[in-house]
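Please read the sequence and the structure below before turning to the explanation.

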Amino acid sequence: MKPINAISGIAAPLLRNNVDTDAIIPSREIKKISKLGLADGLFAEWRYSSVQNRIPDQNFILNKDPFQKSVILLTGENFGCGSSREHAVWALQEWGIKAIIGKSFGSIFYNNCIRNGLLAITLEEKIISGLIKNVEENPSDNHIFIDLIKCSIQCCDKEIFFDIHEKDRSLLIEGLDEIEKVLIYKNNIDSFEADHKKIRPWL
Amino acid sequence: MGRTLFEKIWDKHVVESFDDDNDLIYIDRIFLHERTGSIALQSLHDRNIAVRNPKQVFATIDHIVDTIPGRDDETLMPSGKEFIKSLRSSAIRENINFFDLNTPEQGIGHVVSPEQGIALPGLTYICPDSHTCSLGALGTLAWGVGSSECEIALATNTLIKKKPKSIKVNVNGNVNDQVSAKDIVLYLISNYGANGADGSAVEFGGNVIDQMGIEARLTLCNMSVEFGAMTGIIQPDEKVFEYLRGKKYAPTLDQIQEAEKYWRKLKSDKDAEYSEIIDIDCDQVGTFVTWGTSPEHAIDLNEKIPTLNEIDDETKKDSAKKALEYMGLNEGETLMGKKIDAAFIGSCTNSRLSDLRIAASILKDKKVSNGVKAICVPGSSKVKKDAENEGLDEIFISAGFEWRESGCSMCFYAGGESFGLSERVISSTNRNFENRQGKSTRTHLASPATVAASAIKGTIAFPKDLKEDL
């Protein structure tokens, strides 16, 4: 996982509630046992007017100029709800999305984001609406700049601060592998496990 | 201050607490399926990391395997075979417990796990599948994770996690045989939203829950994730202990007394604090069916679909508008009498023996309406066998239902079987998302009884109307 300090670029408004992981990556777009090759299937049912022939639907935000180059998504409530498929995160990242700003996230999806270095930021809806307004005035130039060190978002000379759990922030900034991080505690796990199974032998 | 049941189980599994409110939590059980488990095991293997405790890991084939009788590794879904073969070879290599195709234990993970005694009260349990929360019905602290978190747990038997808040949902009132666990949970989600729980642990309690059977509790907890919960959990009681006795992976005879003694202590303190308490009066709950593309878009069949003017929130209004367009419905209309193209009974939500019995009681001596494609997919090979021993298969088949092998089947469209373009399906599953069951498929979530009644009428119908017809 690459360490992240800051993300900046074009932000695409996708202000819908309950965007589920089936919509982000339909099950039938997951064709291989791989974390790669998923960008093509991202939002397939919305992005293509013919999924089979891969004809882009020009009404879908990520097909419109300049949003084909988006690195940030601005969205509504409960983004990433539904299936636990981590392919949703892998597909978004491979397509080019580096951060998602939403009112709330599906909890499994949120964890999947952090573990893959995709920044997910929770903000109040009216603040997101404000950002969308700024972006829509001039999407090519009104980039959003996210500073993960300061926990701030800048757009059009405005600066907004956001909260993120310190553990999530440090995972993203350090780009640490969590298995290695956990294995620092291997001795503690071993002794916990031995006691745990002694007290509850049916485990 | 008292603690909740959820907190007590959590606290018993803390290996290490960190300064930033996170805990290193010990994971007792890991369950895998071919869809997401294959990549977790493969990815770990690629990094030359072994599964830490293979005996605590279980795997089954459920997600993309065909459910047509006579099936094998070949799947209608292109490349499905690769997922099956990959999981099988990883399972053998890592020496984990594996329920392969054509073994008596095979079935949908969340159906297999209780019936084999794998999920137990007081255990921590993860699976890279969002409906893992089903197992809270047994008092298991069970939740869905992604493949990466699953890899961490496979390698270390732990996860770093912040303890979420707890919400209590009390379900009280008179229980009547017209209202199922599915109706109750759709009522809950429609009233409080698809993210009503916002990542919390939801504890269900109340006299209605006390009276519910284990399988109905599994249905209720199954849809906790559709309520935005990390998990759902129910205090384990004598029914649970009785249910688990003698199951293959449950405590053995020499351990059972000790285990049950421990399980009996698993209850929330009277002064336990919840971030929110929701009271549901079961008398207010009718027959619930979804009209839109989120489980929160559900109504009592006696009511009408809301009009857009009734929705204050602009984003919600816009979602409802899109949902109505997708579903081919109008604001303010009723769902009752809406013509259906198909009826589906199956999935980790409603495919257990009690679900099939209820559906069969409605289907007996009746015929599915002309032109309605009706399919029943038992949740596990054991459910299928038990149902056949009772003759339920004959009732389904003579009514005009297809009787399938177990698996997740048409709960979602993975590229193999699906319902036809824009078909209207009444389904005992858990997700009515756009295109979930097929291209432009219009899914109406409902209880197995409502699905069975609608299959016979050919339109969305009350189960009780069918009973009156008898």
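Predicted model: local features only at pLDDT ≥ 70, side-chain atom pairs only at ≥ 80, totals over all residues.

Residues are numbered from 1 along each chain as its sequence is written, and chains are lettered from A and ligands numbered from 1 in the order in which they are written.

Chain B has 16 helices and 19 strands; helices (H or I, at least four residues) and strands (E, at least two) are DSSP runs, numbered from the N terminus. Its C-alpha trace spans about 55 × 50 × 45 Å along the principal axes. Of the 470 residues of chain B, 60% count as buried. A residue is buried if 20 or more other C-beta atoms lie within 10 Å of its own, exposed if 12 or fewer, and partly exposed in between, with C-beta atoms placed from the backbone. Two residues are in contact if their C-beta atoms, placed likewise, lie within 7 Å. Among contacts in chain B between residues at least 6 apart in sequence, 76% join residues at least 24 apart.

Chain B is divided into domain 1 (5–264) and domain 2 (288–469), with bounds from an automatic or database domain assignment. Their centres, taken over C-alpha atoms, are separated by 24 Å. Domain 1 of chain B gives 42 residues to the contact and domain 2 of chain B gives 37. On the domain 1 side, α4 (109–115), α6 (181–192) and α8 (214–222) of chain B are the elements that give two or more residues, and α6(B) has the largest share, six residues.

Within chain B, helix α1 (residues 5–12) has the buried residues Leu5(B), Phe6(B), Ile9(B) and Trp10(B). They lie on the same side of α1(B), because they cover an arc of only 135 degrees around the axis, the arc being that of the directions from the helix axis to the C-beta atoms. These residues pack against strands of chain B including β2 (22–26) and β9 (166–172).

Between the chains, 47 residues of chain A are in contact with 57 residues of chain B. The largest share of the chain A side, six residues, comes from α4(A).
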